[in-house]
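Me: I would like to learn how to read a structure of this kind. Please take me through it one feature at a time.

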Amino acid sequence: MIQTQNLTKKFNNFLAVDQVSLEVKSGEVLALLGPNGAGKTTTLRMLTSVLRPTSGSARVAGYDVVTQSAQVRASVGILTEQHGLYGRMTALEYLDFFGQIYRMESPTRRKRTDELLEQFGLWGDRKRRIGEYSKGMRQKLALARALYHNPPVLLMDEPTSAMDPESARLVRDAIHGLRTANRGIIICTHNLAEAEELADKIAIIHRGRIIISGAVEELKTHLLGAPQFEVRLGASLEQVDISLPDPATLTGQGEDWIRYQTTNPVQVNPLVVEYLVSKALPVIRLAEVPRSLEKAYLQAMSETGNTEPNVDMPELPLSSGKTQHVG
Amino acid sequence: MLDEIRPALIITRREIRDQLRDWRIILPIAMLTLIFPFLANFTTRRILDFVQKYGASLLAERFIPFLLMIVGFFPISISLVIALESFAGETERRSIEPLLSSPLTDGQLYLGKLIACIFIPLFASYLGMSVYLFGIYNNTGWRADPMFLLLIILLTAVQALVMVCGAVVISTQTTSVRAANLLASFIIIPVALLIQVESVMMLYADYRVLWWAVLALVILAVLLIRMGITHLNREELLGHEIDTLNLRWMWQVFRQQLVGNALSPWDWYSREIPRTLRKMVVPIGWMALLLAATIILGVAEVKQLGLTAGMFGLDRLKIVDEQILSQFRQIGFFSTGNVLSIWWHNLRAVTIATVLGSLTLGVAGVLILLLPLGIIGFFTGAASLTGLSPLLVLVAFTMPHGLLEIPAIILSGAAILRVGASFVSPNQGVSIGEGLVISIADWVKITLALVIPLFLGAAILEVFVSPLLLVRLLGGG
């Protein structure tokens with residue numbers, strides 16, 4: 001649904017996006033993570049044919065962003081970071097205005113407007129001026145606008161920023177609902193928990209470059225190493241010398257618990273349990289130690305921390321100066 | 001066609017609805033539409049009463065149409081404010097991005113906003129004029145001549161169009177309303193001057209000049225519309241985050257364009273200068289054509305004005321002899337000091353032409369350079385009335401220094417035209433700023449490498465050789 005190949009954007013001497021290659025298939029959600037000024041918004045603008053790439057290519061919904069810009073823009077719904085609504089219009093007028101621009105017929109527009117206002121809980125305020133809306137309401141209306149023409153590609157820049165937890169949940173549920181077999185979604189966000197919840201794939205962008213990308217779990221494994229497991233025991237370990245069976249590696253232990261790491265839990269975990277029982281140590285609980293995306297993200301960012309802008313990063317074990325695709 | 005315009009009208013409708021909900025726009029328009037015409041009516045009645053006491057009825061007759069023009073102009077001045085806000089305001093509020101990400105084309109977006117900026121002020125202007133005319137008719141029985149009425153209607157419309165087109169160009173190039181307002185003087189000052197000239201013409205009742213003004217404004221509006229559509233660039237609108245003057249980047253672009261890939265001065269002359277000249281073939285051609293046309297126009301104007309041989313005392317040209325050389329010597333010819341003086345004068349003229357040209361899309365700059373040629377043409381035409389061959393007079397007064405000076409004028413004019421063209425029709429993939437810097441660098445390049453040496457050579461020839469040729473050609477006549 002979305003494919004980019006070495007997409008690059010330069011503003012005078014400033015390299016904003018540097019050889020970004022991405023792929024989002026139908027039904028997939030990609031979260032584009034990165035600090036402010038990393039090139040996320042510029043990438044989205046190139047994917048909506050608003051900015052012209054300096055080099056490289058991109059296809060969105062099957063259309064080339066340079067040569068078929070009108071078709072690309074008709075196929076994309078975009079939620080911009082600053083929603084930019086018209087304060088003197090009502091929600092009804094606003095959505096209808098964009099419906100007209102997307103050349104939708106009047107009955108379809110009416111139906112769609114009602115549907116979306118209901119879905120986002122704005123029906124009761126449909127005749128109020130947008131200028132009187134709260135930040136969260138505006139964000140929801142901007143999202144309704146992005147979805148209005150039912151686009152096959154959705155690009156969202158900070159979809160839940162400025163929202164209260166309840167509204168953010170509503171929007172996240174809506175995004176879950178938008179994941180269909182014939183739609184590709186890219187979300188730019190600073191909210192890593194949200195990215196983890198919504199995205200199938202993650203791409204971390206830093207100084208215009210994708211430094212690492214892949215499925216969420218694969219990314220964590222790559223950045224944080226093999227998953228860790230913790231076993232709570234029914235007896236004290238004080239008099240016991242623990243030597244776990246290969247290939248489990250002991251990473252920590254306490255009075256009544258141990259932690260170990262393995263790349264093959266299906267095979268190794270039963271062996272560990274068997275070993276502990278054989279040592280007369282009853283197992284109360286075995287669980288994977290949770291590893292947040294935030295930790296993985298910070299790990300990835302810390303490894304780029306000392307690099308100069310837009311230079312190859314040979315010292316980076318993950319990327320060797322190029323995008324690292326995991327999985 | 002209608003299918004293409006329809007999306008533009010969606011934008012127009014939204015913008016007009018927005019304007020109608022903004023009291024800061026509606027209130028002044030309402031006041032200028034309804035209160036000002038009554039005030040103008042009252043003023044007219046008082047003036048009529050006053051001037052008729054002294055029998056100056058002519059002045060009274062001229063005053064009514066003059067105030068009609070003013071009544072019409074005031075509401076359209078609001079269009080400038082609306083237009084300045086159109087793109088810059090949306091960029092500032094970030095509401096432009098959803099529009100730019102929609103399937104609307106640049107032309108549709110431009111057209112939609114252009115119509116929206118003009119519609120209400122122009123409607124208010126015509127309404128105000130109707131109120132004024134109705135009041136005047138009621139009080140004095142004065143009725144406008146239909147042709148005059150058509151003239152005022154068109155003049156008001158094209159003035160609004162020119163202001164709006166200019167303001168939209170400014171608005172697309174700035175990221176804030178404040179910056180757009182600061183740049184608005186580029187429109188306000190010329191329009192204020194235009195209104196003053198029109199006012200004088202109104203009082204002279206020289207409506208023929210006003211028809212020419214309508215034509216000139218239509219041409220200017222077409223140029224500005226072209227400029228507006230060219231500069232309505234999604235990239236420019238979103239690419240600029242702040243209006244900063246990046247001197248370092250400008251210097252890099254300028255230097256690169258000026259020096260190119262030259263490794264030595266000789267390399268620069270032999271490779272870079274021909275390369276720049278090749279880029280300037282079209283403006284050089286235009287400038288040469290304009291120059292020839294100006295000389296012909298100068299000659300033709302003598303016939304048009306019905307001049308006679310005795311009017312300028314040009315009969316004296318027939319008695320040019322050796323004695324005239326001593327007169328030339330007395331006024332500074334045959335001296336090195338005069339060479340520098342002529343050279344400096346020409347360089348100053350070219351610099352002024354460039355500065356004015358860069359502010360007027362190249363037009364004023366080229367006119368300044370053409371003016372002396374027009375005078376020479378006129379002089380040649382006038383001299384021919386004495387029975388001399390026009391070609392002989394032209395050669396006698398312009399050669400041999402003209403062999404160097406005319407190419408220098410053509411090159412300089414072409415470089416100025418390119419500076420002007422960088423606003424109206426920038427190169428693909430180059431921002432306005434970059435295009436402007438490149439064209440200025442080309443101007444500097446051509447001036448340094450060719451214009452300055454050519455003018456110096458021309459000044460030497462003019463001081464030491466041209467008087468001798470003049471005497472040789474016209475002497476003993």
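Me: What does chain A contain in helices and strands?

Reply: This is a predicted model. In it, chain A has 10 helices and 15 strands. The C-alpha trace of chain A spans about 75 × 50 × 30 Å along its principal axes. Of the 327 residues in chain A, 41% are buried.

Me: Which share of the contacts in chain A joins residues at least 24 apart?

Reply: The count takes contacts between residues at least 6 apart in sequence, and 67% of them join residues at least 24 apart.

Me: How do I read a single strand, and where do its side chains go?

Reply: In a regular strand the side chains alternate between the two faces of the sheet. Take strand E9 of chain A, residues 201–206. Lys201(A), Ala203(A) and Ile205(A) point one way from E9(A), while Ile202(A), Ile204(A) and His206(A) point the other way.

Me: Are the residues of E9(A) buried or exposed?

Reply: Six of the six residues of E9(A) are buried. That covers the residues pointing either way.

Me: Which strands pair with E9(A), and in which sense?

Reply: Strand E3 of chain A, residues 29–33, is parallel to E9(A), with four bridges between them. Here Leu30(A) stands opposite Lys201(A). Strand E10 of chain A, residues 209–215, runs antiparallel to E9(A) and is joined to it by six bridges. In that pair, Ile204(A) has Ile212(A) as its bridge partner.

Me: What lies between E9(A) and E10(A)?

Reply: The two strands form a hairpin with two residues between them, and Arg207(A) takes a positive phi near 50°.

Me: Which residues of H9(B) are buried?

Reply: They are Leu210(B), Ala213(B), Leu217(B), Ala221(B), Leu224(B), Met227(B), Gly228(B), Ile229(B) and His231(B).

Me: How many residues of chain B are in contact with chain A?

Reply: The contact involves 22 residues of chain B and 24 residues of chain A. On the chain B side, helices H1 (2–20), H4 (96–100) and H10 (234–239) each supply at least two residues. By class, that side has nine nonpolar, four polar and nine charged residues.

Definitions and conventions
Residues are numbered from 1 along each chain as its sequence is written. Chains are lettered from A and ligands numbered from 1 in the order in which they are written. This is a predicted model: local features need pLDDT of at least 70, side-chain atom pairs count only at pLDDT 80 or more; totals for chains, interfaces and linings use all residues. A residue is buried if 20 or more other C-beta atoms lie within 10 Å of its own, exposed if 12 or fewer, and partly exposed in between; C-beta atoms are placed from the backbone. Two residues are in contact if their C-beta atoms, placed from the backbone, lie within 7 Å. Ala, Val, Leu, Ile, Met, Phe, Trp, Tyr, Cys and Pro count as nonpolar, Asp, Glu, Lys and Arg as charged, and the others, Gly among them, as polar. Two strands pair if DSSP finds at least two bridges between them.
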